[in-house]
Amino acid sequence: MGVDTISRLRARPVVVPMARPLRTASGSATAAPLLLFDVVTEGGVIGRSYIFAYDPALLPALTSIAAELAPGLAGKGVSPVSRMREFQARFRLPGMQGLVGMVVSGVEMALWDALGRLTAKPVATLLGGEPLPLRAYDSYGMIDPVQEEKALRTSVDDGFLGIKIKIGHPDAGQDVEVVRRVREIIGPDVELMVDYNQSLTPQEARRRVNGLRDFGLYWVEEPVPAEDLAGHAYVRRATGARIQTGENWWFPGGCRAAIEASACDFAMFDIMKIGGFTGWMLAAGQAEAASLPVSSHLFTEASAHAMAVTPTADWIEHFDLAGAILREPCRPAGGRITAKGPGLGLDWDEAAIATYTARF
Ligand SMILES: [Mg+2]
């Protein structure tokens, strides 16, 4: 047993208040259900990561899966790629898409964090790169531009070069009015992205996206259900808009399928669904080969490391999901985010975790 051997895995469920409520075309949330991982090595080093359950109803199952995986990790090396290979073999028959994939990606990220702490280096450095100030976009939900005008102006004043809002209101005219007003507030020089969160049919998306031509949108995200790659390709062809998708791709195979379908102009990896850093790096190679710019989805702290070594890195998403339980929440500077170390740079605020512990 060396210091780089796993001793145990702990997974703690919490429900934490979000800095900014998450309102999408499919619902609204003001608190984030998270599962926090601590991988403890034989040498006493702790590797940390978190995953996002989206719905608190999924926390008990995620916690239970993590508890079932823990005994099999004890005594194994802090070797994220090797552990991911084992997970892939073990879960080949049931498949890893869904809750299992979320848990194994969380474990994989915690192993990288442990490796970084063992070597006193940021994960970006372990991956062969270095922490870089990455341009970030400030990520909003469905907003009322009157109520949130001040916040939008603050984002611009803080130096963000991109703003994303969610649309897909029941009335298409409301989408147009919101986009018009936000464009007026942020001005012509800040990039504006919109996200439908999978809420439209391809035909409705064609109609609505054509109605937004005048606003110089940087990208139109997930206009139709994520799994409808042909629908994405249709909207792309029919409107000429630049289509973004990828936050719901499962593992690198999801990236491959989207590239084969010519589904998008941009790719957005979610490190919890793409398979941790192991999956991210493999998908990033595919994106480079297909000339697809890659942005990140949530998980700002971990994504900053992955984006630093992504050949076609485009934008990092700034959305403060876990700040309530972090000693040092991610703070953009001049609209840019730089990966922190050692490891992933995550340190828990244990008092906050005690306050927000989910009980079931
Ligand atoms: Mg999205």
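The model discussed here is a predicted one.

In the model, the magnesium ion is coordinated by Asp195 through OD and by Glu221 and Glu247 through OE, at 2.0 to 2.2 Å. Aspartate 195 has a relative accessibility of 0%, and glutamate 247 has one of 6%. Because buried means under 20% relative accessible area, aspartate 195 counts as buried, and glutamate 247 counts as buried too.

A further element of the structure is an open sheet of three strands, arranged in the order β1-β2-β3 with antiparallel pairing. Its edge strands are β1 (6-24) and β3 (46-52), each of which pairs on one side only. Neighbouring strands of this sheet are turned against each other by 20 degrees on average, with direction ignored.

The contact between two of these strands can be followed in detail. Strand β2 (residues 27-41) pairs with β3 in the antiparallel sense over seven bridges. Aspartate 38 stands opposite arginine 48, a residue of β3.

The sheet also has a helix against it. Helix α3 (residues 99-119) lies across β1, β2 and β3, and α3 runs at about 150 degrees to β3.

How values were computed
Residues are numbered from 1 along each chain as its sequence is written. This is a predicted model: local features need pLDDT of at least 70, side-chain atom pairs count only at pLDDT 80 or more; totals for chains, interfaces and linings use all residues. Side-chain values use heavy atoms; hydrogens and water are left out. Donors are N, O and S atoms within 2.8 Å of the metal (3.2 Å for Na, K and Ca); water is not among the atoms, so sites may look incomplete. Buried means under 20% relative accessible area, exposed over 50%, partly exposed in between (1.4 Å probe, protein chains only). Two strands pair if DSSP finds at least two bridges between them. Helices (H or I, at least four residues) and strands (E, at least two) are DSSP runs, numbered from the N terminus. Axes are lines fitted to C-alpha atoms, for helices over the stretch in contact, and angles run from 0 to 180 degrees between N-to-C directions. Contact means heavy atoms within 4.5 Å.
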